[in-house]
2 protein chains.
Amino acid sequence: VKILGSSGALPAYNRHPTSLIVNQNERLFMVDCGEGTQMRLADFDVKKGKINHIFISHLHGDHYFGLLGLVMSYTLLNRTSTLHLYGPPQLDDMLNMHIGPWRNEMPYKLEFHPTQALKVETLFEDDQLTVETILLDHRIPTTGFLFKEKLLPRKMIKEKIDLYNIPFIEIPKIKAGADYILENGEVIYNNELTTSPKAPKSFAYCSDTAFNPPMFQQIRDADLLYHEATFTEDQEEAAQKKYHSTTKQAALTAKEINAQKLIIGHFSAKYKDLNPLLQEAIEYFPNTHLAVEGTEFHV
Amino acid sequence: VKILGSSGALPAYNRHPTSLIVNQNERLFMVDCGEGTQMRLADFDVKKGKINHIFISHLHGDHYFGLLGLVMSYTLLNRTSTLHLYGPPQLDDMLNMHIGPWRNEMPYKLEFHPTQALKVETLFEDDQLTVETILLDHRIPTTGFLFKEKLLPRKMIKEKIDLYNIPFIEIPKIKAGADYILENGEVIYNNELTTSPKAPKSFAYCSDTAFNPPMFQQIRDADLLYHEATFTEDQEEAAQKKYHSTTKQAALTAKEINAQKLIIGHFSAKYKDLNPLLQEAIEYFPNTHLAVEGTEFHV
């Protein structure tokens, strides 16, 4: 996960509006796209041609104003592969207002997938990964996104194929967990033939939101949690009023769901120095990190 | 004139979409507002609260996508003074699509003044300055902007007031050019009583446009001309096809209208090094400068 923007609604102190990139086996997914994101992609050497899926959490400008420029730049760059865009239904109308006259002449297809904030849905699924919405608690309909790798098949130990003369047709079954029975009836147990695959990883993106226990069940055990922490602890009332979270609330969320690692971001323009926010969060959840722009978090 | 963005439609090489600030006696006027402009204002220490008038040339995204974020940030900053916005009629609808739900709750008034690209009109006028549209030749309706200072009254030489015992009621007439007649009938000629005011300055902004002789008459003798030069000379055909200009065309425009100084900008992403563009323009108009971001041009 690479952070492109870490500011709250008002950019300040060289922090930029929200955006990040999820790189899953060299496939790039963008989450939110605040103003200036296309310039941040260039600043941090992200190949924008590799992004085929963009997920927009909600229609506050600091989460999508950069989409207009990015979509236009793809046209100028003669992009040809389909771009999948996921976001609230009105986003498509907004895009049409700006790019409508050219939409049919664009060299690539922009395929829009409307999201809804009433029930969890799977937006993307292939053999490696699913992306689900997370229902968040914000002033307007807002969804987070849960990236979950799928459990891969077990890995065949190549030497055993020769050793036991296993026909290729049996291998998919063994990878799926089956034992192998020799002609003489001897059972070779699966754990002698295979090794465990890489454990599937998960990343939960929760911004913007107030403290939101209803989502805990869904995102339990996330390897990496991005949770907004717009304010310090002492601003809990302001946070609640604006449907944002404090450092403490972000950290308690991470603790409660048993996350491995927490990234906090979406910092208010109030704060020039972010260390106090980090210190507060660490008290409740030690493995907390600031969403410093340009930083990569590996899972 | 302070340059905030110098890139063509596709930002590249750390050049940003078009925007600049005209500072006339510490009053700030913004011309165009490409994506990221609010961050550029911060980068170059421009006080955004001092901007009360924003002029948008046309509705290609690289000239207005930054407006959405700026308008939103003014709300978050609790701006109270009216913001005057000048641009093509559809711009207001576009803004409403994004900020409509909040427009009436904003702490300041956003007053929209539609422009039209069929005949020259005066958009702004007070005792110091007028701003007129310039009709440009682009793919969609586009106007440039001509900032013209007014001729100020002549300056009274204070010592002469005492010397000739001139009553205060006579001073405005003298500043306007009248002579003063003493009680004994002696005529004191105006040039003994006053000095010439600062010569009024003018700045013409012409972007985006193809080579456009019909505007020459209107912008003749401009002290400072900003003219786009998206391409080098050898790309004249490409320029014409896209209704953009070459370095040579920008320079010939400056020469033809007898400008004092030329700024070229809106550079294509083709060009990493801009010096060749500058060299080409200088051949036809020596006092040419590159629109390097952050640079201030004094008139």
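## Thr130 in chain B

Thr130(B) sits in strand β8 (residues 129-135) of chain B; helices (H or I, at least four residues) and strands (E, at least two) are DSSP runs, numbered from the N terminus. This is a predicted model, in which local features need pLDDT of at least 70 and side-chain atom pairs count only at pLDDT 80 or more, while totals for chains, interfaces and linings use all residues. Residues are numbered from 1 along each chain as its sequence is written, chains are lettered from A and ligands numbered from 1 in the order in which they are written, and side-chain values use heavy atoms, with hydrogens and water left out.

Thr130(B) has a relative accessible area of 12%, so it counts as buried (under 20%; exposed is over 50%, partly exposed in between; 1.4 Å probe, protein chains only). Apart from residues up to four places away in sequence, Thr130(B) touches Thr122(B), Phe124(B), Glu125(B), Leu146(B), Phe147(B), Lys148(B) and Lys150(B); contact means heavy atoms within 4.5 Å.

## Interface of chains A and B

In chain A, 31 residues are in contact with 31 residues of chain B. The two chains bury about 2,500 Å² between them, with 72% of it on carbon and sulfur atoms; buried area is the accessible area (1.4 Å probe) that two parts lose on being put together, summed over both. On the chain A side, Glu35(A), Phe65(A) and Met97(A) lose the most area to chain B, together 26% of what that side buries.

Between chain A and chain B there are 7 residue pairs in polar contact, both at pLDDT 80 or more. A polar contact is a pair of N or O atoms within 3.5 Å; within protein, one must be able to donate a hydrogen and the other to accept it, and residues adjacent in sequence count only if both atoms are side-chain atoms. Elements giving two or more residues to the side of chain A that touches chain B are α1 (37-43), α2 (65-76) and α3 (90-103) of chain A. Of the elements on that side, α2(A) gives the most, with 7 residues.

## Asn212 in chain A

Asn212(A) lies in the loop between β14 (202-206) and α7 (216-219) of chain A. With a relative accessible area of 5%, Asn212(A) is buried. Leaving aside neighbours within four places in sequence, Asn212(A) is in contact with Leu135(A), Leu136(A) and Asp137(A).
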